[in-house]
Amino acid sequence: MFKLLLSWRYLKTRFIALASIISVTLGVATLIVVNSVMSGFSHEMTNKLHGILSDVELVASGMGEIDRVEEKVEQIQSLLGDDLHGVTTVVRVPAMLNFLVHGQPRYHQIMLIGIDDQTFGNVTDFRPYLTNHFHRNGDVFRLMESGYDAELPEAGWSYRREKFRHEAYVREELERILQNQTNNLPVPIHQTPLPETTKVDKSENRDPIVNLAKLPPLPSQKPVLPTLSSDVPAGAGRELLSDDPQSFRSGAQDAWNPAPVDALAAHRAKVVLAPFDPITEQRVGIIIGIGIGRLRAHDPTTGKSQDMFFIRPGDDIELTLPSAGSQPRPLLENCTVVDFYSSKMHDYDGAFAFMPLSHLQRIRGMIDPATGGATVSAIQVKLKPNANLNAARDRLRAAFPMTHFPIMVQTWRDQQAPLLSAVEMEITILNILLFMIIAVAGFGILATFFMIVVEKTKDIGILKSLGAPSSGVMSIFLGYGLSLGIVGAGAGTMIGVLFVIYINEIASIISTLSGREVFDPSIYFFSTIPTLLNPWMVISVAGGAMLIAVLSSVLPALRAARLAPVDALRYE
Amino acid sequence: MKSRKNQTHNSKDLQQRRVNDPVVIPHSPFRSPKSTNPGAALLSCHQVFKSYQAGNQPIPVLSGVSLQVRQSEFTTIVGQSGSGKSTLLHLLGTLDQPDEGEIWLNQQRIDNMPSRQRDRIRNQEIGLIFQFYHLLPELNVLENTLVPYMIRHGVWSYLLRRRTLIDEAKELLEQVGLSHRLTHRPNQLSGGERQRTAIARALVTKPKLLLADEPTGNLDARSGNEVLELLRRLGELQSLTVIMVTHDDRIAQQSDQVIRLRDGKVVSVSAEAA
C-alpha cells in the first residue's frame with residue numbers, strides 16, 4: 001500500500017518529475033504526429049498511384065504493340081474469373097504538344113494516352129481527377145459550356161468563342177490597316193461598337209470597320225494570365241489553327257521557324273483541309289495534365305505560389321506524334337483541349353494527355369485494314385478489392401510467357417517499386433530517429449531518478465526501519481517510473497492525436513502568425529495535410545514510451561533497494 | 001496537556017527537587033506489575049562483534065557485547081559518542097547484522113534470519129524512535145502513523161481494514177496529543193510534535209519492544225519531558241519493553257537497567273531497581 005501512496009506523493013510533489021513527464025510527452029506526441037503525417041502522405045500517394053496505374057498491366061515491351069486484343073481480353077477474363085473487376089486497353093505513345101504563348105511557340109514532351117472512355121474509368125481513377133464536373137460522369141472528350149473548376153481561369157465554350165472571335169477580329173483589322181497603307185489612305189476610325197453579344201454573328205464580326213477602343217474586355221485579361229492569341233497578328237506569327245492552308249504555309253516560313261520538312265508541310269496541309277469553324281466546332285478532344293500548360297511562380301516572401309495558365313480548356317493545340325509501324329513517320333494532329341487532368345501527382349500532371357483510343361489508333365495506323373482489328377500498347381486490369389494481386393499477376397504471366405509474347409505483366413507495385421520502397425525506408429528511418437527522442441527522455445528519467453533516490457535515501461532508510469522489504473522499496477521507484485510513463489505517454493498521446501486531428505487548423509494558425517505558408521497545397525499532391533492515425537501505431541508508441549520509462553527506473557530502483565537501512569539513516 | 005495531568009502524585013517531590021533539570025523522569029515508568037513473566041529475558045545478545053570497513057582498515061565498533069533485557073523493563077544504554085551505542089541499537093533492531101555473536105528476541109534468533117523475516121519482525125515486534133524523528137516529509141501526520149500498517153498490508157487488505165486502522169491511529173494520536181494536527185505535514189510541526197508523531201508511528205502496531213535512539217536529544221527540556229512522559233504512560237498501557245540510547249545520566253538513573261558502553265565494550269550493567 002505504501003508503495004502506491006508514496007509513488008503518488010512523489011509524483012505530486014516533485015517538480016523534477018514534471019520535467020521527465022514533459023520529455024516523455026513531447027517524445028510521444030512528436031512520434032505520433034510525424035508517424036501519422038508520414039503514413040498519411042504515403043497512404044494518399046500509394047492510393048493515388050494505385051488508382052492511376054490500375055492493378056495489373058500487360059504492357060507491350062519496348063514501345064511495341066499488342067495484337068489480337070479481343071482474344072487476349074477474353075483470355076484474361078476467363079483466367080481471372082471472379083477476381084476480375086474490369087479490363088481496358090490503352091495506347092501510349094510519346095508525343096510533342098505545342099502551342100503559342102505571346103506568339104512564341106512552347107513545346108512539351110508528353111505521354112499521349114489513348115483511352116476507351118467507356119472502360120477506362122472502371123479500371124483506373126480517371127474521372128475524379130478531371131476539373132469539369134460534367135466530365136466526371138459524361139462524355140469526357142467534349143468541350144463543355146460550363147462546369148469547370150472555379151479556381152481555374154475561365155474555360156469552356158464561352159472562352160473559346162470569345163477567343164476566336166477576337167482573333168478573327170484582330171486579323172481582319174490588321175488586314176484592313178495593311179490594305180489601307182498599301183493604298184496610302186488614311187485609316188478611318190469607326191464609331192460602331194463591337195456588339196456585346198456572345199452569340200456568333202459572322203456578318204458583324206467580319207465587318208472590317210470596328211472600333212478598337214470599344215472592344216469588349218477579354219475574359220483572359222487578368223494580369224497573370226496572358227492570352228494565347230491577343231498579340232498574335234495574322235500572318236506574322238504562325239497560325240495555331242487555320243481554316244486556310246495558306247496561312248499555315250506563310251506561318252511556317254517566318255523567322256522563328258525556318259522552312260519545315262516538306263513532308264510535314266504537306267501533311268499539315270492535308271490535315272487542315274476540312275473547313276472548320278473554331279467558334280462553333282471543336283476538334284478532337286484532348287485532356288491534358290494540368291501541369292503541362294501551367295507556369296508556377298513562387299513568391300519567396302509569402303511562400304505562396306501563383307499559377308499562370310498558357311493553355312486551358314477551349315484552346316486548340318497541335319500534337320506531333322510518331323505513326324505506328326516499323327518506320328515511324330511524324331504525324332500532326334490538331335486537338336481541342338477539353339479539360340485538365342489534375343491528379344496532383346506532379347509526374348503525371350506534367351506529362352499525361354488523354355485522347356480517344358479509336359482516334360489515336362486510326363491516325364497512327366494501328367488498325368489492320370484487312371481485318372479491322374486494332375493493336376494497343378497495354379491492357380490494364382482491375383481486380384476485385386480482395387483479390388490477390390501477385391497471384392493474379394503470376395497467373396497472367398503463366399498465360400502470356402515472355403518467351404512467347406512480347407508482353408510484360410506487372411502489378412502497380414512492381415511498376416512503382418523504387419518509389420514505394422523509398423517511402424517505406426524513409427518512414428522506417430524517421431521512426432528510428434524519433435524513437436531516439438523517447439530514448440533521450442528515458443535517459444532523462446534515469447538521471448532524474450538517480451537524483452530522487454539520493455534525495456530520498458533517508459526516506460528509504462525510514463521505510464526499511466519500519467519493516468518495508470527491499471522489493472517494496474524497489475517497487476516504489478518502479479511504480480514511480482511507470483506512473484511517469486503513463487502520465488507522460490497519456491498526455492503525449494492526447495496531444496499527438498489532437499494535433500493530428502486539427503493539423504490543418506494548426507498549420508493555418510502558424511501560417512497566420514509567421515506570415516509564411518506552412519503547407520502550400522499547390523506544391524503537394526493534396527489540398528490538406530493528409531494524416532492517417534493507425535491505432536496500433538499509437539498503442540505501440542505509448543507502450544514503448546512506458547516501457548522505456550520503467551526500464552530507465554530499474555537501475556535507480558535497484559540501487560534504492562540495495563541501500564542498507566543503517567547507511568540510509570545515518571545520513572543527516 | 002493530557003500527559004501533564006496524568007502525572008502520578010508521588011512524583012511531586014522529585015519534580016520539585018529537580019526543578020531546573022532539563023529532563024525529569026518522575027519514577028521508573030516501565031516496571032509494570034501487569035507483566036506476565038517479569039523474569040524472562042525478552043531480548044538478549046551474546047558476544048556481539050561489529051566492525052566497519054574504512055578503506056582497508058576495519059574499525060571495530062562493538063567487541064563482544066552481551067546483555068539481557070527482561071520483559072517490560074526500561075533499559076538505557078549510555079556511553080560517549082563513538083562508544084557504539086547506536087550501532088548496538090541498530091543490531092538489536094535488526095537494521096544491521098553483527099559480524100559475530102547472537103541476538104535473541106522472544107526465544108528467536110534474529111541476527112541471522114533471512115532479510116524478509118527480519119523485515120517482518122521489524123514491522124510487527126519492534127518499534128523504533130530516532131533522534132531526528134525520521135518522518136516521511138510527503139505524508140501528513142496520520143499517514144505517517146499509518147505507514148507501518150501500509151507496509152504490513154497489501155493494497156486490498158489495507159483498503160479493507162482502512163477504517164479500523166485509521167481509527168486506531170487516530171486514537172493513538174489523540175493520546176499523544178496530536179488529534180488537531182492530523183493533516184499537517186512534518187515540516188509544519190514543532191520538534192516535540194514530530195517526535196510524538198514518531199512515537200505514535202512506533203507504537204501503532206503494538207510492538208513488544210521499543211528501541212529509542214536518543215529521542216530527546218534534539219528537543220528542548222519541556223518537549224523532551226513530554227516525550228518521556230508519553231513513553232512512560234503508553235509503555236505502561238502496552239506493557240512495553242524499552243531500550244533507550246541516551247547520554248543523559250538523569251534519564252539513565254530512572255531506568256531499570258543501565259548498560260554503560262566504552263569503546264565497544266560493556267563496562268558496567270547496573271540493575272538499579274531490580
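**Stop 1: the antiparallel sheet of chain B**

Start with B:Cys45, which stands opposite B:Ile103 in S4(B). This is a predicted model. Now extend the selection to both strands, S1 (residues 41-54) and S4 (residues 100-105) of chain B. They pair in the antiparallel sense, over five bridges.

Four strands of chain B make up an open sheet, in the order S2-S1-S4-S5, with antiparallel pairing. Select S2 (57-70) and S5 (108-109) of chain B to see the edges. Each has a single partner strand, so one side of each is left without a neighbour in the sheet.

Next, show helix H3 (residues 85-92) of chain B. H3 packs on this sheet and touches S1, S2 and S4 of chain B. The direction of H3 makes about 120° with that of S1(B).

**Stop 2: the mixed sheet of chain B**

Hide that selection and move to the six-stranded sheet. Strands of a sheet pair through backbone hydrogen bonds, either parallel or antiparallel. Here the pairing is mixed, and the sheet is open. Its order in chain B is S6-S7-S8-S3-S9-S10. S6 and S10 (265-270) of chain B are the edge strands, and each pairs on one side only. On average, neighbouring strands of this sheet are turned by 15° against each other, direction ignored.

Select S3 (residues 74-79) of chain B together with S9 (residues 257-262) of chain B. The two run parallel and are joined by five bridges. Within this pair, B:Val78 stands opposite B:Arg260 in S9(B). B:Thr75 has B:Gln257 as its bridge partner in S9(B).

Now turn to S8 (residues 241-245) of chain B, which runs parallel to S3(B) and is joined to it by four bridges.

B:Phe74, B:Thr76 and B:Val78 point one way. B:Thr75, B:Ile77 and B:Gly79 point the other way. Both sets are buried.

**Stop 3: helix H7 of chain B**

Select residues 191-203 of chain B, which form helix H7. The helix has 13 residues. From its first C-alpha to its last it reaches 18 Å, close to the 18 Å expected at 1.5 Å a residue.

How many residues of H7(B) are buried? The count is 12 of the 13, so H7(B) is largely enclosed by the rest of the structure. Colour the buried ones to see what they include. Charged side chains are on the list, among them B:Glu193, B:Arg194, B:Arg196 and B:Arg201. The list also includes B:Ala198, B:Ile199, B:Ala200, B:Ala202 and B:Leu203.

**Stop 4: where the chains meet**

Show both chains. Their contact takes 25 residues from chain B and 23 residues from chain A. On the chain B side, select H4 (115-124), H5 (141-152) and H6 (155-175). Each supplies at least two residues of the side that touches chain A. The largest share, six residues, comes from H4(B). By class, this side of chain B divides into 12 nonpolar, six polar and seven charged residues.

**Stop 5: a helix pair in chain A**

Cross to chain A and select helices H2 (residues 15-53) and H13 (residues 417-455). Their axes are 9 Å apart and they pack at an angle of about 175°. An angle over 145 degrees counts as roughly antiparallel, and H2(A) and H13(A) are therefore roughly antiparallel to each other. Their contact has 20 nonpolar, 11 polar and no charged residues.

**Last stop: whole chains**

Zoom out. Chain A has 18 helices and 11 strands. Of its 572 residues, 37% are buried. Chain B has nine helices and 10 strands. Of its 274 residues, 47% count as buried.

Key:
Residues numbered from 1 in each chain as written. Chains lettered and ligands numbered in written order. Predicted model: local features only at pLDDT ≥ 70, side-chain atom pairs only at ≥ 80, totals over all residues. Axes fitted to C-alpha atoms, helices over the stretch in contact; angles between N-to-C directions. Parallel < 35°, antiparallel > 145°, perpendicular 65-115°, else oblique. Contact = placed C-beta atoms within 7 Å. Expected span 1.5 Å × (residues − 1). Buried ≥ 20, exposed ≤ 12 C-beta atoms within 10 Å, placed from the backbone. Pairing = 2+ DSSP bridges.
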